[in-house]
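Here are a few friendly notes to read alongside the model. Please keep the sequence and the 3D view open as you go.

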Amino acid sequence: MLEIKNLKVNYGGIEAVKGISFSVPEGSIVTLIGANGAGKSTTLRTISGLIRPNGGSVIFQGGDITGMEPAAIVEKGITMVPEGRKIFPDLTVLENLKIGAYLRKDNLNDDLEWVFSLFPRLKERTWQPGGTLSGGEQQMLAVGRALMSRPKLIMMDEPSLGLAPLVVRDIFNIIQEINRQGVTILLIEQNANMALKTADIGYVMETGRITLSGSGAELLANEGIKAAYLGS
Amino acid sequence: MEHLNNKQKILITAALIIGLFILLLVLEQFLPSSSMLFVVLKKGAIYALVVVSMNLLNGFTGLFSLGQAGFMLIGAYTYAIFTIPVEARPMVYQYFNGGIVKFTLPVIPAIILAGIVTAIFAYLIGLPVLRLKSDYLAIATLGFAEIIRAFFQWDKLGPITNGSNLLKLYPVFHSVIFPFTVAGICIAIIVLLINSSYGRAFKAIRDDEIAAEAMGINLAHHKQISFTISSFFAGIGGALLAMFQTTVQASAFRATMTYEILLIVVIGGIGSVTGSCLASFLFIACSEWWLRFLDNTTYIGSFKVPLLATGFRKVFFAVVIMIIVLFYNRGIMGTNEFSLDALIEFFRKRFSKRRKEDSAT
């Protein structure tokens, strides 16, 4: 579904991504794990059009989307849940969700119902400003907002960041539930354990390169990964 | 708490507006037309429009722009240039052979044209300027406003703008109803815009540009829309101000005017339309009327009240501003809006509390 070929990105004066290639098959959960500064977020931002790459290509459903405007990429069906949630604090929960569907002109009621069925907690808080929600609720709102654009592929940048372990589990359950409902997922995580348990395919990124790849289970069993990321 | 339904709300709002206009009409019948009250109401209504238009940009879209006075100038000049009666032109343009504009537009089309011309200028200025962020945007817009002021005073443009001389003898309003109607309609349009999906996008950009962009909101496009629309209404405000002052001269539209407007935005609450309106009337009433006494040397008996002298009003204002910024920095309304629901709730609480106290005693 998504094909990254030899992608190179300079960001902030350094070569943050040094020619990586990977693919995300339709209907799967793919995770990109790695330490801080490995270039994971830069990769996601490049795919979503927020940063322009210096080389390589991004192919989505057979079409080249390299360097397209973010709005055009959202319209193609790729939405990002940004790192640190980045919900709109002064807008109400409902307004936040509606912004997610900004490029759509059709009726939103079904989608709102869908998001509320995934996150019943949001339904109780429709009129509350986003900034007054707890961290976990904000993450749910960020995911719900992304779903409102009816994406085919949803990319999540560290959804577990700064959340309590129980809440992290909730979030990952929801990620799997969304995937079951037909949305392909590309997940970036430092919480390698949780991510690899959830993912079908995993890639390990180190200083701008992909150094390892395999199924989630394979990587979980890999001694090197255990030593570097799983702390055992 | 029982909420009012929408139909009731619309009815009550309509009744309040009609009530306000009847009140204004009655006041005009019974008070002398020279009363300070009318000066305050007229100027207050005009400022309310300009302040709300600036709030659309600064408060709702998060673009810190300081070009308001420049845009008002364009509106004021456009209105004046196109409405001076043909027979009065030789007198107004005495140094420029009666100018080159040889026709006159009716008032309402001229006001709309003032908005459109301002919007076109703003669009062109926005193309380079809106790439900048925060302070840099403020500096650039301030610079453009000064350029506009100098440009309109340029001698070579004299046949159109009358150079640095006054424009006068154009049609003006006498009744307070006129500015209230025009400003009211414009503010209503801005409110509709803010509550539309565009308004939501503006607020999203204000809250978080990156997230807004990731949601598919085209930043450049939306900033441009907000900037142009805000300037459109600033231009209309400028036209009204020209009518209020009866003469117009570019040198009056200094940066101080922008600061004054920005100040009212802050006092009213950045991101609150009703706050802006309320603060406009309060500010104008204070500066034009209630605090005038601060500028007059006053004697109580033979005792000369210290400090009261020309310009002291400004000092007093400066202190008020500092107090607001330090202790009350969200303004009168914050980002809240005045609403009937809130008002009814407020009185109900007061009332029930008093009743409880009554029954307790």
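**Notes on the helices and cores**

1. Buried means under 20% relative accessible area, exposed over 50%, and partly exposed in between (1.4 Å probe, protein chains only). Helices here are DSSP runs of H or I with at least four residues, numbered from the N terminus.

2. A word on the basis: this is a predicted model, where local features need pLDDT of at least 70, side-chain atom pairs count only at pLDDT 80 or more, and totals for chains, interfaces and linings use all residues. Residues are numbered from 1 along each chain as its sequence is written, chains are lettered from A and ligands numbered from 1 in the order in which they are written, and side-chain values use heavy atoms, leaving out hydrogens and water.

3. Which residues have the most contacts inside the largest nonpolar core? They are Leu49(B), Leu167(B) and Val248(B), in a core of 95 residues. Its largest share, 15 residues, comes from helix α2 (residues 36-60) of chain B. A nonpolar core is a set of buried Ala, Val, Leu, Ile, Met, Phe, Trp, Tyr and Cys residues joined through side-chain atoms within 4.5 Å.

4. Beyond its neighbours within four places in sequence, Leu49(B) is in contact (heavy atoms within 4.5 Å) with residues including Ala183(B), Phe233(B) and Leu240(B).

5. Now look at Glu288(B), in helix α13 (residues 273-290) of chain B. Glu288(B) is buried, with a relative accessible area of 18%.

6. Tyr123(B) belongs to helix α5 (residues 107-129) of chain B. Tyr123(B) counts as partly exposed, at 41% relative accessibility.

Notes
Helix = DSSP H or I, 4+ residues; strand = E, 2+ residues; numbered from the N terminus.
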